[in-house]
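I opened this model to look up helix packing and the relation between chain copies. My entries follow.

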4 protein chains.
Amino acid sequence: MSGNTFGVIFRVTTWGESHGPAVGAVVDGCPPGLELSSDDIQGQLNRRRPGTGQGSSPRQEEDRVEILSGVYQGRTIGTPIGLLIRNREVKSSDYESLEDIFRPGHGDWTYFKKYGIWDHRGGGRASGRETAARVAAGAVARKVIARAGIEVFAYTLELGGTAVEDFSRAEIPKNRFLCPDSRAAEKMGERIKAAMVEGDSLGGVVEVRVTGCPPGLGEPVFDKMDADLAKALMSLGTVKGIEIGAGLEAARMKGSMSNDPIAPGGFMANRAGGILAGITNGEEIVIRAACKPIPSIEKEQDTIDLHGKPRRVSVGGRHDVCVIPRIIPVCEAMVCMVMADHLLRQKSIS
Amino acid sequence: MSGNTFGVIFRVTTWGESHGPAVGAVVDGCPPGLELSSDDIQGQLNRRRPGTGQGSSPRQEEDRVEILSGVYQGRTIGTPIGLLIRNREVKSSDYESLEDIFRPGHGDWTYFKKYGIWDHRGGGRASGRETAARVAAGAVARKVIARAGIEVFAYTLELGGTAVEDFSRAEIPKNRFLCPDSRAAEKMGERIKAAMVEGDSLGGVVEVRVTGCPPGLGEPVFDKMDADLAKALMSLGTVKGIEIGAGLEAARMKGSMSNDPIAPGGFMANRAGGILAGITNGEEIVIRAACKPIPSIEKEQDTIDLHGKPRRVSVGGRHDVCVIPRIIPVCEAMVCMVMADHLLRQKSIS
Amino acid sequence: MSGNTFGVIFRVTTWGESHGPAVGAVVDGCPPGLELSSDDIQGQLNRRRPGTGQGSSPRQEEDRVEILSGVYQGRTIGTPIGLLIRNREVKSSDYESLEDIFRPGHGDWTYFKKYGIWDHRGGGRASGRETAARVAAGAVARKVIARAGIEVFAYTLELGGTAVEDFSRAEIPKNRFLCPDSRAAEKMGERIKAAMVEGDSLGGVVEVRVTGCPPGLGEPVFDKMDADLAKALMSLGTVKGIEIGAGLEAARMKGSMSNDPIAPGGFMANRAGGILAGITNGEEIVIRAACKPIPSIEKEQDTIDLHGKPRRVSVGGRHDVCVIPRIIPVCEAMVCMVMADHLLRQKSIS
Amino acid sequence: MSGNTFGVIFRVTTWGESHGPAVGAVVDGCPPGLELSSDDIQGQLNRRRPGTGQGSSPRQEEDRVEILSGVYQGRTIGTPIGLLIRNREVKSSDYESLEDIFRPGHGDWTYFKKYGIWDHRGGGRASGRETAARVAAGAVARKVIARAGIEVFAYTLELGGTAVEDFSRAEIPKNRFLCPDSRAAEKMGERIKAAMVEGDSLGGVVEVRVTGCPPGLGEPVFDKMDADLAKALMSLGTVKGIEIGAGLEAARMKGSMSNDPIAPGGFMANRAGGILAGITNGEEIVIRAACKPIPSIEKEQDTIDLHGKPRRVSVGGRHDVCVIPRIIPVCEAMVCMVMADHLLRQKSIS
């Protein structure tokens, strides 16, 4: 497996399997002199920690991050930042009943075909557990871009078919779905409950916004800002669709509607989602990620085992009903990495 | 500008501005011994050539490709393949009226902010002209993957709000929209006509499919197959949304619907679009790109000029009404590059 | 700091400062199914461990490596291999007298100029301690190439002006200088003793050989095998010169002498050092690295402090007299990485 | 073949075979707003043009460079710079007698083993012809670093065993060996004559110096400035040894001699060659490349043919006797690229 490094100047390499001893990341290319403490990282990790509430996995990990290098006396020193998160509570026994079964919707089958290796212990590197390392690294990226006045935040736009109707940023941290519409959040809770009863799972849509981004970031032609953002979010196993600005709706508009008119004070609309020809235009960046339902469900499904025999499988264990809201800090982390990388890349020409 | 190279093992670097002397590409990492002629490339270039019909720009470029290196006696020799396409018919005079105006929906403003350089001659590197180099390089990638039995084809799924209702692959090459539904194609033609009359433009959706792809391609965790495909297509200035398999619809499904059950003979559905956990599963890869309307329209729009003064602009000149169908071979080219790169990457572990 | 990753397919990223909590490496791109245990790595780490004898630092680190990911049931699984080595015995007090002094011959001054950060605790990332991570990663590379029959070994060719006169491979592991000539080894020991008495240090030359390498490895034109080997060894702070095959002597030869004649059974000489036009030719690869004396010496030297004031400095503490022989497993590790990377790169075209 | 791209931010990709239609380069990552004309590049190309004098090949190429992109109104615009040099005088007939013979000292055999392709027309990509593209790209790099006050120049330090004894920079351009010692230059001329009579060839040593380089360039730990310089020069097929500063002599020094003492006004010696711990220290960078004799000689040598049969070969044709002085602008070009890349990389942290 190669492909575990992301970014050109601000480079993040992650490692670690779900049921191995630890997961972690190396952040290379972080400028020196940046204030950074393990609390900065821990705060973000806590946001993706499995809750005890509905919709979230009851697995209790502490996810304590340890900074192993790159920071001295509370500041980065320009050297690679090594981040370590031990895997605390490993119950491979939960997976014993699945010992020789390919779970539908999971990477079990494709990993087996790719590597010729069979590891039934909960998805290995395809597990959501891997995203803890992304969140840790993303916390560093967040500090880098904060220094330039760039902020990234995300929220639930849709869950189990229930979409947001009102938007209040203040509302986001107030409900457990990180949803900007409290009424929608309530309905989402009901959907989750119902799905739990059915032994089924739900999907949804996360919207990520970037504010304070200066114009001029993004590298034509292949490393466009939107191209790198799309890759960043699509690199999450759960994401099946990406939209920038007007997104799919843009395909149904006419040019006179799709084009954002320009006035002396700035753009008069933001159908472009903050990116024109792959370069930021100074408007808010708006990007959406459509997440499929969590594939681990109690409902019985058809599958095969290692010997190619047909089997029926019910995946118990400690699983979330919906990847939202836990995926939200992960989406933010990925977007922070892209922004940090392009912010630093732009410096080479200025 | 960096960011003009795509791929890890099969690497494509493009160069060239719309109104400079030429555009071109260097293809590095192509295996030796592959049959390759300029006709192979020319055939693909002809597919993206501006037509004379409705919806297409009347600009008549011949787009003759010249292979400058890497091929000897009709076969690749393992060295980089240099491809050159001269820009024949350059009418910068068409752009004189736009000399100091930022066209809405174009990269004029963002390029100016990024590079501090003003070149009004038709978009420079942000122009669709740049995609000729991609198509040329993609033709090489197509030969690489063909040897492994992989085929890539694309078609119009939607144009100006008119969506395909029937699918007939045989129909695709028969109409000028490369549309698998002849009736829909007719309606699309009408939409184009109406938009022309209005001096407006249209968007649409392209669907790309990959057949014959073996399981196991794609590199966890960041260089997932779907992540790289999303980046590849989102790197086209016109694309604002990407879907894999069930795409956005997956967000509204339950897990019991979204998961593709597995039978001894293979997957019993393909909501995953041929990719699980970022790795191909042997099913057909299905990916959609939502294209915004072409931003160059005759209808007057609000904008500003170089001095920040408000202006009204009508963009005449030789412009298409819709980027579809000319973008179709470009989408195919990008997908061919991703497939070729991952096919060769996989060899390192096998 | 970026630049902490080495290799294209077989990629090693190292992190960690001399006096921080740990050093480590992530090895990405290692093929699955390779037998690998921490003993394999520990064995190499032990070879670079500071000895108690003359010429070696009395610092006693245990250097226990922990494999944190990428290995399951004794075999690699294709995912990144996380390696952790805790820094045990940290005596920053040794450095207190140097608190505000730039040590001559060290990176103190250049790191300060680059990062604007001052960390006096023993060289941070410029310390030889960093090479422990390289040795650990190199042990993985060694397993990769062993599978293809490639072996890397190195030895002392010269130390403190005493050069090898006889070559016996069997002799190498028998003396503490890893010297293929026992008599020369004895003289080297005397040189070391004398330098210790003087409070001075010595340099020397390491020769690395690669046997069993198939022809055809190495990528023209920039990533030639010799170019990558030169970079690999020159990336060690101690190395000031590199020779391949006849090396500098080649510059004084005539072509009729420098060219290796070819016979049906192979090359009739190996002045090329196993590499022609950047590609291995199947002969033994021979490369030499000239190492400067260790810059930490007790003898007083002129320098300046943080405030630019002239100072005299005597660097006590636990320092080796000569980087040889401890650098030998490090040189081997770097060469193993290059060989592993090119071995896997070559697969993409075969 | 991959490996045809050099650099991280300032990226040069070269393409083209000796006897194909053209060679060329794409320079990506060049900052916008830099004055650049084809004359700037042509001037450097002319320096490596084969002369008519002794020691130089009588092949008369005009080597006219064409800038195909990235420059508008005499300035770079931030987009990739496409450079094209047509191969004018191609006499493949010269190589007919060598049609099935592996020339000793050349890449014929190793390319054949690597790619399984046999192209007898003068070395293809392993030919010195490829370096024309490097020189063209290097001319762009030279402009980038000139803006920061950095200058690169090189000269002959030794040729055919005759070494420079005096150094006068003013003398360098005055003799055809670009030798800083006119007497030595005379002797070199005699050596060349004698070698021609013998049908043999000579090697030598080039020294490259970089002045005006600020401290702080170079990226620990793998992408050290000296590591990248070593790779840059060792990537020339002719180079078999590299020395930085005191080079091999450093291995015979004691630490008290090898360390450069520091005074308030700067370093009191430059045994380090301007680089400490991989980072520039503000002193002049000094690097030497040992070049082997040109392998094409008239003297008969033993070799084999495509069928493995023993043969005797005398390589006639239009060949230089020594790669010096034509390699000098090539060495400079490579060093310019490294300096430009690290200059731009450093911006990301400042």
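I began with the buried residues of α2(B): Asp108(B), Trp109(B), Thr110(B), Tyr111(B), Lys114(B) and Tyr115(B). Buried means under 20% relative accessible area, exposed over 50% and partly exposed in between, with a 1.4 Å probe and protein chains only. The helix spans residues 108-115 of chain B, and six of its eight residues are buried, so the rest of the structure largely encloses it. Helices here are DSSP runs of H or I with at least four residues, strands are runs of E with at least two, and both are numbered from the N terminus.

The model is predicted: local features need pLDDT of at least 70 and side-chain atom pairs pLDDT 80 or more, while totals for chains, interfaces and linings use all residues. Residues are numbered from 1 along each chain as its sequence is written, chains are lettered from A and ligands numbered from 1 in the order written, and side-chain values use heavy atoms, without hydrogens and water.

What do the buried residues of α2(B) pack against? I found β13 (266-267), β14 (275-276), β15 (279-280) and α7 (327-347) of chain A, together with β17 (301-304) of chain B. Contact means heavy atoms within 4.5 Å. Just after α2(B), Gly116(B) has a positive phi of about 70 degrees.

Next I took α1 (residues 38-48) and α3 (residues 131-146) of chain B. They pack at about 135 degrees, with axes 9 Å apart. Axes are lines fitted to C-alpha atoms, for helices over the stretch in contact, and angles run from 0 to 180 degrees between N-to-C directions. α1(B) and α3(B) are therefore oblique to each other. Angles under 35 degrees count as roughly parallel, over 145 as roughly antiparallel, 65 to 115 as roughly perpendicular, and the rest as oblique. On the α1(B) side, the contact residues include Ile41(B) and Leu45(B); on the α3(B) side, Val135(B) and Ala139(B) are among them.

I then checked α5 (residues 225-234) of chain C against α5 (residues 225-234) of chain D. The angle is about 160 degrees and the axes lie 8 Å apart. That makes α5(C) roughly antiparallel to α5(D). Asp226(C), Ala227(C), Asp228(C), Ala230(C), Lys231(C) and Met234(C) meet Asp226(D), Ala227(D), Asp228(D), Ala230(D), Lys231(D) and Met234(D).

Last, I compared copies. A rotation of 180 degrees with 0.0 Å of shift along its axis superposes chain B on chain C, RMSD 0.0 Å. The two copies are thus related as by a two-fold rotation axis. Superposition is by least squares on C-alpha atoms of residues with pLDDT of at least 70 in both.
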